[in-house]
Amino acid sequence: MARSPNKLEGGHGENSYSPFVAMESGRRLDGSESNSELESVGMGKMEVHHQVVLPPRRSTFSKFKRKSKEIFFPDDPLRQFRGQTCRTKFLLGFQYLFPILDWGPSYSFRLLRSDVVAGLTIASLAIPQGISYAKLANLPPIVGLYSSFVPPLIYALLGSSRDLAVGPVSIASLILGAMLSEEVSPTRDQALFLQLAFTSTFFAGLFQASLGILRLGFLIDFLSKATLIGFMAGSAVIVSLQQLKGLLGIEHFTKKMGIVPVMSSVFHNTNEWSWQTILMGVCFLFVLLLARHISLRNPKLFWVSAGAPLASVIISTIIVFEIKGQKHNISIIGHLQRGLNPPSWHSLHFGGKYLLLTLKTGLITGIVSLTEGIAVGRTFAAMKNYKVDGNKEMMAIGLMNMVGSGTSCYITTGAFSRSAVNHNAGAKTAVSNIVMSIAIMITLLCLMPLFAYTPNVVLGAIIVSAVIGLIDIPAAYLIWKIDKIDFLVCLCAFFGVIFISVQDGLALAVLISILKVLLQITRPKVVMLGNIPGTDIFRNLNHYKEATKIPGFLIVAIEAPVNFANTTYLTERISRWIEEEQEGDDGKAVGLHYVIIDMSGVSAIDTSGITLLTDLKKTTTNQGLELVLVNPVGEVLEKLKRANHADKFMGVETLYLSVGEAVLFLSSKMKSSAGPNSV
């Protein structure tokens, strides 16, 4: 079957041909010829008349602009400003920066009623949690309440989530307390420790806001779902073990976070165990877990788990006051000062020997709290069918932490337990955060003396009941069923946290995740294709058992970008297959004529990838073989064209639109070359 060549645009004379029009438009096979050829290769009937065409020409600047937009502006946030007047653009800009201006004008009394109920409900949870998490961070309990007052007000103005309830969280509190305690004692140098906590919070907020402003939120994606599940589970175990100090009444407890030193400290200090403390802790922990179980079984009874912590605090405080718990080895919080947040801008340390410590602490706590906040916000947004802008959330969370660091607050974000209660309580807008903040303000002004006799053991029980929900065994099992490498990442995060430290476990899991990505880049998927009998479809020989090889052809599909990191691997893999095909299954030489590379899955290629193809072309030519490329995509095709202008390594019959067309045409050519008497 003859095929007329096509001139190369911009070529040099009549003998310059274009490989970029692989099949001439309008070419057909007549019925008899088609049937005989199709039977010879085992393929179905088809017409060959397609072209491989170049994408529309674009300037280098336009390509760079498009690529930058794909990286930094995938959501196209400026589309709402197109075609608007200057006044409308100004208003839309303010609404973008302050989402409250978007929904505020249409706010109604019906919405306010729902938000007040939700706000008061989460306030009942926020008060005991704030005190508990502050102690977890080795900070004065009052700081936990400060952190539940100012940040929610800032988030209500800037945040885009309707359900996110802002405040301290267990994991970030644990990490902050553990990292700062490595260099500064929270008991001997309490003032310095507090200053470093505020400074770390400022750096965390600065980092978070910078990610949002520069639209670099994709960096957070390195914390994969598997990493987060393992990290959260490990952190929950460590947080729970740390509460053994309060639950058992131990005074001299290890400052280390690993499971081995914690358990060693527990059993080496059995003489300090207090049966009164243990009895109270077990009873209240049972009540809290029972309340959580009831709410999980029946979401309409959310108020049971939401009110249980505050009820436990009130009841335990009354009990300790009545029985004079201090005389029975039950430790209490002690006096808490009344009043609103004092300013702390003057306490921030931006120099000195602790600068690196606060930067590192701020970075890690910022990443963890930001990831948790965005994940929680998106979860509830999906349930209510609205969208949460990730970059706006980063800016909102970052700015509220920066402001919080100057108003005696430590690291805060959207907490899952509070947000779940907020959602179940019927919150409609971020006003529920404002209501919660007002309730905390009233508590700070009027009710602080009432918490003086609150036992520490109940605060420990509240923490354990809150973090136990972070252990998601069904999700880990699902990861095991889907992807074993992801499950390995999950296990590394879990065991790294409980046996080494929280921050090192997280770093280990992220490192393994990055190694997994690098492995996928350097070892891309490349498969050998065979024909599904009776069709023109080609599929992986190892996947489809009915697929068969076409005699004289080696058909390979590359299913990843080709770049400097994987060209050596691809060269070795394809070269080995060529040698194996030439030797045959029984070791005897066979007639291999064509090497076809399906490039449909190659989304990008660099100069090393082009060099791979040029070298492969030379190698196959030296071996008497012909290299054929199938369906390179736009960007790859452009680069191939430029390389071909320089090297002329691609002939007329080099590019085809599909593997089926290539095999059909080349089979005809191979039969014609063999002569009329060949079978």
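This is a predicted model: local features need pLDDT of at least 70, side-chain atom pairs count only at pLDDT 80 or more; totals for chains, interfaces and linings use all residues.

Select Ser265 to begin: this residue is buried, with a relative accessible area of 8%. Buried here means under 20% relative accessible area, exposed means over 50%, and partly exposed is in between, using a 1.4 Å probe and protein chains only. Ser265 lies in helix H12, residues 259-268. Helices (H or I, at least four residues) and strands (E, at least two) are DSSP runs, numbered from the N terminus. Now show what surrounds Ser265: leaving out residues up to four places away in sequence, it touches His252, Phe253 and Thr254. Touching, or contact, means heavy atoms within 4.5 Å.

Residues are numbered from 1 along each chain as its sequence is written, and side-chain values use heavy atoms, with hydrogens and water left out.

**Zoom out**

Show the whole chain as a cartoon. You have 26 helices and eight strands to find. How much of the chain is buried? Of its 679 residues, 52% count as buried. Take the contacts with a separation of 6 or more: 78% of them are between residues 24 or more positions apart.

Next, select residues 302-323, helix H14. Its 22 residues should span 32 Å at 1.5 Å a residue, and its end C-alpha atoms are 32 Å apart, which agrees. The expected span is 1.5 Å times one less than the number of residues. Where is the kink in H14? Look at Ala308, shortly before the proline Pro309, for a kink of about 40 degrees. The bend at a residue is the angle between axes fitted to the seven residues ending there and the seven starting there.

Colour the buried residues of H14; among them are Phe302, Val304, Ser312, Val313 and Val320. Their cover includes helix H5 (109-136), helix H13 (275-297), helix H17 (416-424) and helix H19 (456-467). Step past the end of H14 and you reach Lys324, whose phi is positive, near 55 degrees.

**Two asparagines in loops**

Jump to Asn138, in the loop between H5 and helix H6 (141-146). Asn138 is not a glycine, yet its phi is positive, about 65 degrees. With a relative accessible area of 33%, Asn138 is partly exposed. Then try Asn631, in the loop between strand E7 (626-630) and helix H25 (634-647). Phi of Asn631 is also positive, near 50 degrees, and at 25% relative accessibility Asn631 counts as partly exposed.

**A buried asparagine**

Now pick Asn401, in helix H16 (residues 390-405). At 1% relative accessibility, Asn401 counts as buried.

Last stop: the open sheet of six strands, in the order E4-E3-E5-E6-E7-E8, with mixed pairing. Strand E4 (538-540) and strand E8 (655-656) are the edges, each pairing on one side only. Two strands pair if DSSP finds at least two bridges between them.

Select strand E5, residues 553-558, which runs parallel to strand E6 (residues 594-598) and is joined to it by five bridges. Phe553 stands opposite Tyr594, and Ile555 opposite Ile596. Strand E3 (residues 526-531) pairs with E5 in the antiparallel sense over three bridges; there, Val527 stands opposite Ala557. Six of the six residues of E5 are buried, so this strand is largely enclosed by the rest of the structure. Show its side chains: Phe553, Ile555 and Ala557 point one way, and Leu554, Val556 and Ile558 the other way.
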